Amino acid sequence: NNLISSIDGLDNLKKLQILSLGENEISSSVAIESLRPYKSLRVLNLMGNPVAKKDNYVASVIAFLPQIQYLDYKLLQPTAQQRDYHPSELDDILKEEKKKGEEEKLAMEKEVLAKHDEKMNVAGLRTLFEDMLT
């Protein structure tokens with residue numbers, strides 16, 4: 001009963017496993033979507049929030065947060081219909097996550113190459129041609 005209406009301010013909790021926000025004012029399914037970055041999250045409680053009263057609440061949690069094992073203090077045992085639920089906005093999110101993952105991988109590869117080049121005393125040589133053209 002803290003009158004919480006949105007889920008934010010959790011950015012530094014990368015290994016969050018349990019989140020209990022029961023009996024608050026969370027009404028939007030966007031709040032569920034916002035928890036996707038927390039891949040370690042296994043237990044979620046939103047009981048008593050307006051979002052938990054929506055028809056597709058459990059199915060939305062399953063679709064957006066497939067790693068959740070306990071929802072509202074109950075073992076999550078989805079029906080076939082709940083498992084098959086696939087909201088259209090999930091496709092956009094999945095595409096964006098894939099793109100972000102590819103960008104992060106590329107950035108890490110560039111960083112590794114840059115460190116290697118620096119050790120070999122040829123820092124900047126790899127991008128010299130590109131730099132000359134821009």
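Biologist: Before we go on, what are the ground rules?

Modeller: This is a predicted model, where local features need pLDDT of at least 70 and side-chain atom pairs count only at pLDDT 80 or more, while totals for chains, interfaces and linings use all residues. Residues are numbered from 1 along each chain as its sequence is written, and side-chain values use heavy atoms, with hydrogens and water left out.

Biologist: Which residues of helix 4 are buried?

Modeller: Buried means under 20% relative accessible area, exposed means over 50%, and partly exposed is in between (1.4 Å probe, protein chains only). The cover over the buried residues of helix 4 includes helix 1 and helix 2. Those buried residues are Leu90, Ile93 and Asp117.

Biologist: How many salt bridges are there?

Modeller: The rule asks for a side-chain nitrogen of Lys or Arg within 4 Å of a carboxyl oxygen of Asp or Glu. Glu97 and Arg36 meet it at 2.7 Å, N to O, and Glu111 and Lys115 meet it at 3.4 Å. By this rule the count is two.

Biologist: How many residues apart in sequence are the parts that Glu97 and Arg36 tie together?

Modeller: Glu97 is partly exposed at 31%, while Arg36 is buried at 8%. Glu97 sits in helix 4 and Arg36 in the loop between helix 1 and strand 2, so the pair ties together parts separated in sequence by 61 residues.

Biologist: And what separates Glu111 from Lys115 along helix 4?

Modeller: Glu111 is partly exposed at 45% relative accessibility, and Lys115 is exposed at 51%. They are four residues apart in helix 4, which means a separation of about one helical turn.

Biologist: Which element gives the largest share of the lining of the largest pocket?

Modeller: On a 1 Å grid over the protein atoms alone, a pocket is an open set of points with protein on both sides within 12 Å along at least five of seven lines, and lining residues have an atom within 4 Å of a point. The largest pocket has a volume of about 260 Å³, where grid points are joined across faces, edges and corners and the volume is the space filled by probe spheres set on them. Its lining includes Arg36 and Glu97, the salt-bridge partners. The largest share, six residues, comes from helix 4.

Biologist: How many charged residues line the largest pocket?

Modeller: Asp, Glu, Lys and Arg count as charged; Ala, Val, Leu, Ile, Met, Phe, Trp, Tyr, Cys and Pro as nonpolar; and the others, Gly among them, as polar. The lining has two nonpolar residues, one polar, and charged ones numbering seven.

Biologist: Over to helix 2: how many of its eight residues are buried?

Modeller: The buried ones pack against helix 1, strand 3, helix 3 and helix 4. Among them are Tyr57, Val61 and Phe64. Helix 2 is mostly covered, and its buried count is seven.

Biologist: What relative accessible area does Leu44 have?

Modeller: Leu44 lies in strand 2. Contact means heavy atoms within 4.5 Å, and, leaving aside neighbours within four places in sequence, Leu44 touches residues including Leu19, Leu35 and Asp72. Leu44 is buried, at 0%.

Biologist: Last one: what is the phi of Asp72?

Modeller: Asp72 is in the loop between strand 3 and strand 4 and is buried at 11%. Most residues other than glycine have a negative phi. Asp72 is not a glycine, yet its phi is positive, at about 55 degrees.

Conventions: Helices (H or I, at least four residues) and strands (E, at least two) are DSSP runs, numbered from the N terminus. On a 1 Å grid over the protein atoms alone, a cavity is a set of points where a 1.4 Å probe fits but cannot get out, and a pocket is an open set with protein on both sides within 12 Å along at least five of seven lines; lining residues have an atom within 4 Å of a point.
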